[in-house]
Amino acid sequence: MDALAGRLAAETDIRTLQMGQYSGYLDDPVVARHGLQPDGRFHLGDVLVDLPAGEPVGDVGFQNCVPAAMALVAQSWYAAAKEQYNPTLEDTLKIYEKVSPFRRDPGPAALARATVQPNSGHREAHNDFGTSLLLALKVWVHKEQPLAGLLPEARSFLEIEPRNLEQLRDAVTRFGGVLVGLSLPQSIKDGSGVLRDSWYVPGYGPVYDATPGSLSSHCVAITGYSEREFFCLSAGKIRRLSPEFLLTYVEEAYTVTSPVVLDGNPALRDRIAADLEDIRRIDRPAGMPAFNHRWRGGNIM
């Protein structure tokens, strides 16, 4: 018999407490942290900006998580300027109407179609099916500024490399936040069906109720971090996301550049502007036909 043998097959008990649930209790207050924190403030160096209490702007009966996340990135920009900004549900729904087919008033044409082909309920009648994060960002940075009056001006957006947590932290520090598309698992809910404050990967891995996408497709704005966690505002509460959670469930991630940040870094501003001009001139790369779902025409922005 092998003297190194003896452990029986791995066992799983879903009731086992996870260390990821308690990371917030382990943070040293003197270590690096930035932006939105669980105490309800934006920590920006020596400046503390309170997160104003207000109504939830996402997860409130509409599929408006992308517009809500965009508004919460804007909230982080205002905090960097030492100002409070409290987006409302009405604000996010107006953005939603600009970046998708969603309309709260379907209009005569839609009503006429509904009489010919019955629909299944409120969401279908209002085209409330969500929106593409990438296309919503293209609307935000469009030169004609179709979101003026709803969101601050944005110059461009940058894609975060997959599984690059350092880039994510840099984007929160330098640009105010990151918009991430999540394939959410059922495991972020507790036994009573309530969303947990801490989102982590269970010890048994991304299977069973922790399977990516077993709950929904979602978008949040990561606008803060600490030594061990990242923070976002979702369904009216600050959620703690472990690094492993992001590595497992993030499908896309972008940061957005504001005029204030770019004008404060002329070299970066000019480099991005030159690269955008190059992008607008090029045709589809030779290797793209195999990935044509990632190509939305010659003008990316």
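Phe157 is buried in this predicted model, with a relative accessible area of 5%, which falls under the 20% cut-off for that class. Its ring forms an aromatic pair with that of Tyr254, in an edge-to-face arrangement with 5.7 Å centre to centre and 85° between the planes. Tyr254 is likewise buried, at a relative accessible area of 2%. Phe157 belongs to strand 4 (residues 156–159) and Tyr254 to strand 10 (residues 250–257), so the contact ties together parts that lie 97 residues apart in sequence. The aromatic pairs come to eight by count. Elsewhere, Phe62, Tyr96 and Phe102 form one aromatic cluster.

With strand 6 (residues 198–199) strand 9 runs parallel, joined by two bridges; with strand 8 (residues 230–234) the pairing is antiparallel and extends over five bridges. Arg240 of strand 9 takes part in both pairings: Ser198 stands opposite Arg240, and Arg240 is also the bridge partner of Phe231. Strand 8 and strand 9 form a hairpin with two residues between the strands, where Ala235 adopts a positive phi near 55°.

The helical part may be followed through helix 1, which covers residues 65–80. Its 16 residues reach 23 Å from the first C-alpha to the last, close to the 22 Å expected at 1.5 Å a residue. Helix 1 is mostly covered, with 14 of its 16 residues buried. After helix 1 comes Lys82, whose phi is positive, near 65°.

Key: Residues numbered from 1 in each chain as written. Predicted model: local features only at pLDDT ≥ 70, side-chain atom pairs only at ≥ 80, totals over all residues. Heavy atoms only, no water. Pairing = 2+ DSSP bridges. Helix = DSSP H or I, 4+ residues; strand = E, 2+ residues; numbered from the N terminus. Expected span 1.5 Å × (residues − 1). Buried < 20%, exposed > 50% of the residue type's maximum accessible area, 1.4 Å probe, protein only. Phe/Tyr/Trp six-rings, centres within 6.5 Å; stacked < 30°, edge-to-face > 60°.
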